[in-house]
Amino acid sequence: MHEFILGAEVMHSIMQTVNQVAKHDVNVLITGESGTGKELVAKIIHLQSPRAENPFVPVNSGILSGLMFEDKLFGHEKGAFTGAICQEKGCFEMADKGTLFLDEVSDLPLENQIDFLRVLEDFCFHRIGGNEIIEVDVRIISATNKDLKNEVKKGLFREDLFYRLHVVPIYVPPLRDRKNVIPKMVDRFLNQSAINFKKPKPAVKPEVIDLFCRYDWPGNVRELKNLLERVFILNDYDTISVEHLPSDFLWHFKDPHRIKDLEEIRSEAEKKAIMDTLHRLAGDKEKTAKILRISPRTLRYKLQKYNIKYERSSKPPI
Ligand SMILES: Nc1ncnc2c1ncn2[C@@H]1O[C@H](COP(=O)(O)OP(=O)(O)O)[C@@H](O)[C@H]1O
Ligand SMILES: [Mg+2]
């Protein structure tokens with residue numbers, strides 16, 4: 001729960017709904033773009049519910065179809081089909097007394113939707129190849145990044161199943177609609193990385209945050225989290241500045257139709273080489289000039305030209 005960063009007002013109202021629905025076994029349908037935090041919301045509902053001590057079982061609804069899907073959900077008995085060498089439980093049984101999280105539910109194959117609906121009626125089923133009726137006590141939370149109502153209109157999703165799953169809807173907005181949360185997320189994700197990778201947490205220049213707030217984050221929170229992890233792992237700077245961001249990210253801020261001239265490409269490469277060398281030599285300008293085979297005077301000129309401010313540090317060279 002403490003993992004979840006709220007920030008915007010809309011997220012507080014989501015949390016209010018989460019707290020309400022957690023207490024009761026109602027079916028919840030979480031919608032929102034990929035990477036907005038749907039699975040995290042589902043986990044929080046589970047952890048706030050009386051089922052918290054029991055399993056939370058996520059299933060990706062789209063990757064399997066037909067018998068494979070049935071097998072994944074309901075399990076099989078020994079000898080039920082070639083390769084069924086022993087009895088195996090499906091996700092429904094694994095989630096008994098807990099929560100089954102159906103991710104990307106709009107991708108549930110049409111042919112399997114009816115079986116699924118039937119189980120949701122009474123939570124009774126057979127394992128494939130079995131006669132025993134298995135009864136489970138499972139809470140269903142589903143998520144989709146598509147407009148499920150629209151899938152119903154297109155005939156790709158059963159209307160009856162839609163209403164079954166959609167008892168309480170929760171919409172998680174994209175990150176671009178709650179950009180004020182970005183500074184908090186940056187701070188929290190860097191904290192997490194510092195703990196996970198046992199490295200000191202760097203500071204972040206305000207220009208970096210400005211840039212992050214200008215970007216639309218099509219991959220939402222996941223994209224921001226992954227980018228920060230990448231920058232954190234690949235750099236040892238005390239402060240993250242714009243130059244330390246990956247070029248494929250910075251590319252979003254350039255005019256894609258503009259072709260760089262050779263001078264620009266050369267300058268960028270030069271700047272990067274100087275910064276990297278200085279960094280590796282803990283800011284020793286004399287050695288940097290020597291290694292780059294330029295005179296100290298030329299190095300001073302270039303440091304000024306590219307506005308590189310790198311003071312000699314007490315850290316040992318890498
Ligand atoms: N509000 C948030 N606070 C902290 N981490 C978040 C938040 N929203 C998303 N994340 C993180 O972003 C990543 C993507 O979230 P996830 O729940 O898998 O998204 P979705 O299921 O919508 O694709 C996960 O690592 C998750 O922990
Ligand atoms: Mg997901």
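Domain bounds here come from an automatic or database domain assignment. For the protein chain, that assignment gives domain 1 (9-173) and domain 2 (178-305), and the C-alpha centres of the two lie 42 Å apart. The model is a predicted one, in which local features need pLDDT of at least 70 and side-chain atom pairs count only at pLDDT 80 or more, while totals for chains, interfaces and linings use all residues. Residues are numbered from 1 along each chain as its sequence is written, chains are lettered from A and ligands numbered from 1 in the order in which they are written, and side-chain values use heavy atoms, with hydrogens and water left out.

Let us turn to the interface. Seven residues of domain 1 are in contact (heavy atoms within 4.5 Å) with six residues of domain 2. Together the domains bury about 510 Å², 37% of it on carbon and sulfur atoms; buried area is the accessible area (1.4 Å probe) that two parts lose on being put together, summed over both. On the domain 1 side, S34, G35 and T36 lose the most area to domain 2, together 59% of what that side buries. The rule finds seven residue pairs in polar contact across this interface (both at pLDDT 80 or more). Such a contact is a pair of N or O atoms within 3.5 Å; within protein, one must be able to donate a hydrogen and the other to accept it, and residues adjacent in sequence count only if both atoms are side-chain atoms.

Ligand 1 comes next. It is surrounded by 16 residues (a heavy atom within 4 Å), the closest being I5, G35, K38, L40 and R222. A backbone N or O atom of I5 lies 2.8 Å from a nitrogen atom of ligand 1, and a backbone N or O atom of G35 lies 2.8 Å from an oxygen atom of the ligand.
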